[in-house]
Amino acid sequence: MLDLTGKNALVTGIANNRSIAWGIAQQLHKAGANIGVTYLPDEKGKMEKKVKDLVEPLSPSLFLPCNVQDDEQVKSTFGTIKDKWGSIDILVHCLAFAKKDDLTGGFSETSREGFSLALEISAYSLALLAGAAKPLMSEGGSIVTLTYLGGVRAIPNYNVMGVAKAALESSVRYLAAELGEQKIRVNAISAGPIRTLASSAVGGILDMIHHVEEVAPLKRTVTQLEVGNAAAFLCSDLASGITGQVLYVDAGYEITGM
Ligand SMILES: NC(=O)c1ccc[n+]([C@@H]2O[C@H](COP(=O)([O-])OP(=O)(O)OC[C@H]3O[C@@H](n4cnc5c(N)ncnc54)[C@H](O)[C@@H]3O)[C@@H](O)[C@H]2O)c1
């Protein structure tokens, strides 16, 4: 039985009720996990209020700012987690960013700055957060991140984010190899296209979704809660033998050819 009772689960990347991280947080909570949430702070505190109101029904025992571009903030956030929780069992990395200009047109036009920014926020951050969580996972743990097919295939307009997802998937393997000894498992979920704040920046996202609805074996795309179920499974003891993997939760689209 899928049971996460007594597990401390830190979920990053909730921006609104369409966020995949929100679907994951709900399913982890349903399975009994104690939820902690981090959000990306902005100057006016708008995101803090919005996310706080949204996650209230899950009664998170931690609610902290964490901009992965800010080393000091990451350090202080994990310091607070250590003081309040003592240990982390589950870390959900569910964040990414690229400039809108770099998510349309030709990949050869990607700027140096846009490339670095996308790779830093979307891929390096997994190693950064895993490194911060590692000392708090002395009893073992599970880390799950979110990727997309554009990391292994050339998908129109996905461009620099595809390169970032390739780096992210490779990071999953290197982290799994390093942290396995400490009984920390690291896996990725490759989700089918879903309408969210982040995906709306990708040129032609609605066409991508319609295409999947036509050709995927299940003739539809997936929901945030379905991704959440897969994440809960990967974070549970039911997946105790699985690490370093990319699990496709995409209504079967990945297997299709002509
Ligand atoms: N929506 C899709 O179709 C889809 C498909 C496959 C994978 N994914 C991946 O799922 C993950 C979540 O995206 P989503 O689609 O739910 O969109 P979303 O916009 O709801 O989530 C993206 C999150 O990244 C956070 N973020 C951006 N920059 C950050 C920073 N510097 N520090 C901390 N957080 C930061 C945002 O605040 C936001 O919460 C991403 O990795 C995305 O690439 C999405």
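Predicted model: local features only at pLDDT ≥ 70, side-chain atom pairs only at ≥ 80, totals over all residues.
Let's start with Cys 66, which is in no disulfide: the nearest cysteine sulfur belongs to Cys 94 and is 14 Å away. Cys 66 is buried, its relative accessible area being 8%. Now turn to Cys 235. The closest cysteine sulfur is again in Cys 94, but at 11 Å from the sulfur of Cys 235 it is too far for a bond, given that a disulfide needs the two sulfur atoms within 2.5 Å. Cys 235 also counts as buried, at 4% relative accessibility.

The aromatic rings come next. A pair of aromatic rings is described by the distance of the centres and the angle of the planes. Searching the whole structure turns up two aromatic pairs. In one of them, the ring centres of Tyr 39 and Phe 63 are 4.7 Å apart and the planes meet at 20°, so this pair is stacked. Tyr 39 sits in strand β2 (residues 34-39) and Phe 63 in strand β3 (residues 62-65), so their contact ties together parts that are 24 residues apart in sequence. Tyr 39 and Phe 63 are both buried.

Tyr 148 and Tyr 158 also form an aromatic pair, this one edge-to-face, with 4.8 Å from centre to centre and 65° between the planes. Both tyrosines lie in the loop between β5 (141-147) and α5 (159-179), so the pair ties together parts that are ten residues apart in sequence.

Notes. Residues numbered from 1 in each chain as written. Heavy atoms only, no water. Phe/Tyr/Trp six-rings, centres within 6.5 Å; stacked < 30°, edge-to-face > 60°. Helix = DSSP H or I, 4+ residues; strand = E, 2+ residues; numbered from the N terminus. Buried < 20%, exposed > 50% of the residue type's maximum accessible area, 1.4 Å probe, protein only.
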